[in-house]
Amino acid sequence: MDSLTPPKTPQDAELARQVEAGDDAAFRLLMQRHLQPLRGYLALRAPVPDLIDEVAHDAFVFAYQNMKDFTEGSMQPWLRTIAYNHLRDRLKAYARDFTKHERYSEQVRWETALEASEKPVSDESDHLATCLEKLRHHQRTILDLRYEMQLSCEEIAQRTGRSTLAVRTVLMRVRQQLRKCIELHLEHKTA
């Protein structure tokens with residue numbers, strides 16, 4: 001009967017100790033055991049498919065380097081925590097990069113609009129200063145936090161007690177209001 005009994009598969013903690021001792025075959029067994037469930041976990045959380053394999057790879061590399069921190073039970077929850085943290089870090093970095101690109105694009109659009117205009121920049125600057133004075137206090141506060149202090153919409157929302165959507169809406173409306181005000185002043189000057 002013993003010859004029919006399948007060999008006992010080692011538990012994750014036992015394999016982890018073998019990996020710590022330098023057994024790469026034990027690590028391959030852990031990867032075979034946990035890669036697909038980890039990829040499934042990430043597939044439900046990653047906004048783009050490319051991140052699934054990248055984050056899973058990063059999680060296994062981190063796990064390999066920190067195998068001493070794994071103690072007992074299934075390795076899946078530990079790997080999921082590692083993967084979640086790596087995914088969160090990637091998404092934060094992406095959001096920071098996106099914000100930088102968004103700010104840069106906004107600056108380029110503004111500069112392009114100024115260059116395309118036949119009016120001198122100083123006139124528009126003078127009119128902008130006049131139009132800024134007409135803003136309500138809360139509008140000016142949000143505008144200053146965004147452009148002078150370079151805070152993100154999320155940070156402004158926390159400081160002002162508004163939702164991020166409300167902050168974005170105020171900024172959009174203020175920009176439109178300023179643009180119309182400047183155009184109105186320029187039309188009156190040329191008329």
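**Entry 1. Surface and basis**

I began with the surface: the protein exposes about 13,100 Å² of accessible area, and 54% of this belongs to carbon and sulfur atoms. These areas follow the Shrake-Rupley method with a 1.4 Å probe, and for residues only the protein chains shown count as cover. I note that the model is predicted, so that local features need pLDDT of at least 70 and side-chain atom pairs count only at pLDDT 80 or more, while totals for chains, interfaces and linings use all residues. Residues are numbered from 1 along each chain as its sequence is written, and side-chain values use heavy atoms, with hydrogens and water left out.

**Entry 2. Elements and dimensions**

I looked up the secondary structure and found 8 helices and 0 strands. Helices (H or I, at least four residues) and strands (E, at least two) are DSSP runs, numbered from the N terminus.

I then checked the dimensions. The C-alpha trace spans about 105 × 35 × 25 Å along its principal axes. The radius of gyration is 28 Å, whereas a compact globule of 191 residues would have a value near 16 Å. The radius is taken over C-alpha atoms, and the globule rule is 2.2 Å times the number of residues to the power 0.38.

**Entry 3. Charges**

I recorded 28 positive and 29 negative side chains, with the centres of the two sets 5 Å apart. Lys and Arg count as positive and Asp and Glu as negative; His and the chain ends are not counted. Each charge is placed at NZ of Lys, CZ of Arg, CG of Asp or CD of Glu.

**Entry 4. Cores**

I looked next for nonpolar cores, that is, sets of buried Ala, Val, Leu, Ile, Met, Phe, Trp, Tyr and Cys residues joined through side-chain atoms within 4.5 Å. The largest has 26 residues, and Leu38, Leu42, Met67, Met75 and Trp78 have the most contacts inside it. Helix 1 (12-20), helix 2 (24-43), helix 3 (50-65) and helix 4 (76-116) each give this core two or more residues. Helix 3 supplies the largest share, 7 residues. A second, separate core of 18 residues includes Leu135, Leu151, Ala157 and Leu171.

**Entry 5. Gln139**

Gln139 counts as buried because its relative accessibility is 10%. Leaving aside residues up to four places away in sequence, Gln139 touches Val170, Val174 and Gln177, where contact means heavy atoms within 4.5 Å.

Notes. Buried < 20%, exposed > 50% of the residue type's maximum accessible area, 1.4 Å probe, protein only.
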